[in-house]
Structures are given as C-alpha cells and as structure tokens.
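Please take a look at the chain shown here. The report below walks through its parts one by one.

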Amino acid sequence: DPRRERGKIPALPQACQFVVVPFDESMRGPALRVARTLREGGFSVDLLLEPTRKVKLAFSYADRVGGQRIVFVAPDEVNRGFVRVKDLRAGKDVDDESKQTDVPLDSMLESLAKLQLGS
C-alpha cells in the first residue's frame, strides 16, 4: 500500500488472544456466542467465519492473524457443554496434551481466569 510506504498508515502488528473456529455450519451459532462471551470478558477475538473440519487450515489462519490460542467449537464438546482451547504459543518442549484444555461453556471466563488466561 503506497500510503503505508509514505508513513500515512502505521504498520500495526496483528495479534489476538483467541481465534474461535466452528467445526461445521451447525457450530457457527455456538462459535458466535463463544466469541461474544470472550469479547465481553475483555479479550481480543478473531472468528474464522468459514467452518472447517481441517485443523491444519484453522492453525494456518490463527497463525496469520497472530492468535495466541485457538478455541475449537465442535459438536461433541458443545454437546457436553465444553469448548477446546489450545495454546498456540506454548513452547515445543510442552507436550500436546498440556497445550489444550476443555473449558466449560457456562463458566468460560471464570475457567480461563483460573487457568491464568484472563484479560
């Protein structure tokens, strides 16, 4: 963009605390509610509008927007009253199981605070 080159538009780093990803079309509504709850809790949130069953695509999108954590909104978890939160910035020395946790939908903000993921 020529305006950025002339210094008229600052180059701001892209980053957000959570990227919310619906598993399929049926999960779009729950994903929107999760994103709203996180935003109301003071978090910066991006929402992948196109549902995807391909985790690799979700990770790629989250990486592009600077997501720190990804929230998977999938039928099995939602039916049990949870969403899965995965830390995308945990070091390689942390095993995959420790990078993710299931968080209750009805107490999401409180649970994130207990996990020290508060805003």
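## A buried glutamine

The side chain of Gln17 comes within 2.8 Å of the backbone nitrogen of Ser44. Keep in mind that this is a predicted model. Gln17 sits in strand β1. Its relative accessible area is 19%. The cut-off for buried is under 20%, so Gln17 counts as buried.

## The chain as a whole

The chain contains six helices and five strands. Read from the N terminus, the order of the elements is α-β-α-β-α-β-α-β-α-β-α.

The chain has 119 residues, and 37% of them count as buried. Its exposed surface comes to about 7,500 Å². Carbon and sulfur atoms supply 50% of that surface. Now take the contacts with a separation of 6 or more: 53% of them are between residues 24 or more positions apart.

## Two aromatic pairs

How many aromatic pairs does the structure hold? There are two. A pair of rings is described by the distance of the centres and the angle of the planes.

Phe18 and Phe43 form an edge-to-face pair. Their centres are 5.0 Å apart, and the angle between the planes is 90°. Phe18 belongs to strand β1 (residues 16-22), while Phe43 is in the loop between α2 (28-40) and β2 (45-47). The pair therefore ties together parts that are 25 residues apart in sequence. Are these residues buried or exposed? Both Phe18 and Phe43 are buried.

Phe59 and Phe72 also pair. Their ring centres are 5.9 Å apart and their planes meet at 80°, so this pair is edge-to-face. Phe59 is in helix α3 (residues 55-64) and Phe72 is in strand β3 (residues 67-73). These two residues are 13 apart, and their pair links distant parts of the chain. Phe72 is buried, at 18% relative accessible area. Phe59 is partly exposed, at 28% relative accessibility.

Helix α2 has 13 residues. From first C-alpha to last, α2 spans 18 Å, close to the 18 Å expected at 1.5 Å a residue. Just after α2 comes Gly42, with a positive phi of about 95°.

Which residues of α2 are buried? They are Pro30, Ala31, Val34, Ala35 and Leu38. Look down the axis of α2: the buried residues fall within an arc of 140°, so they line one face of the helix. An α-helix has 3.6 residues a turn, so residues three or four places apart point the same way.

What do the buried residues of α2 pack against? Their partners are β1, β2, β3, β4 (82-87) and α6 (108-114).

Arg69 is in strand β3. Is Arg69 buried or exposed? At 15% relative accessibility, Arg69 counts as buried.

Arg69 and Lys86 are 17 residues apart along the chain. Their C-alpha atoms are separated by 5.5 Å.

Conventions:
Residues are numbered from 1 along each chain as its sequence is written. This is a predicted model: local features need pLDDT of at least 70, side-chain atom pairs count only at pLDDT 80 or more; totals for chains, interfaces and linings use all residues. Side-chain values use heavy atoms; hydrogens and water are left out. Rings of Phe, Tyr and Trp (its six-membered ring) pair if their centres lie within 6.5 Å; planes under 30 degrees apart count as stacked, over 60 as edge-to-face and the rest as tilted. Helices (H or I, at least four residues) and strands (E, at least two) are DSSP runs, numbered from the N terminus. Buried means under 20% relative accessible area, exposed over 50%, partly exposed in between (1.4 Å probe, protein chains only). The expected span of a helix is 1.5 Å times one less than its number of residues. The arc is that of the directions from the helix axis to the C-beta atoms. Contact means heavy atoms within 4.5 Å. A polar contact is a pair of N or O atoms within 3.5 Å; within protein, one must be able to donate a hydrogen and the other to accept it, and residues adjacent in sequence count only if both atoms are side-chain atoms. Accessible areas come from the Shrake-Rupley method with a 1.4 Å probe; for residues, only the protein chains shown count as cover.
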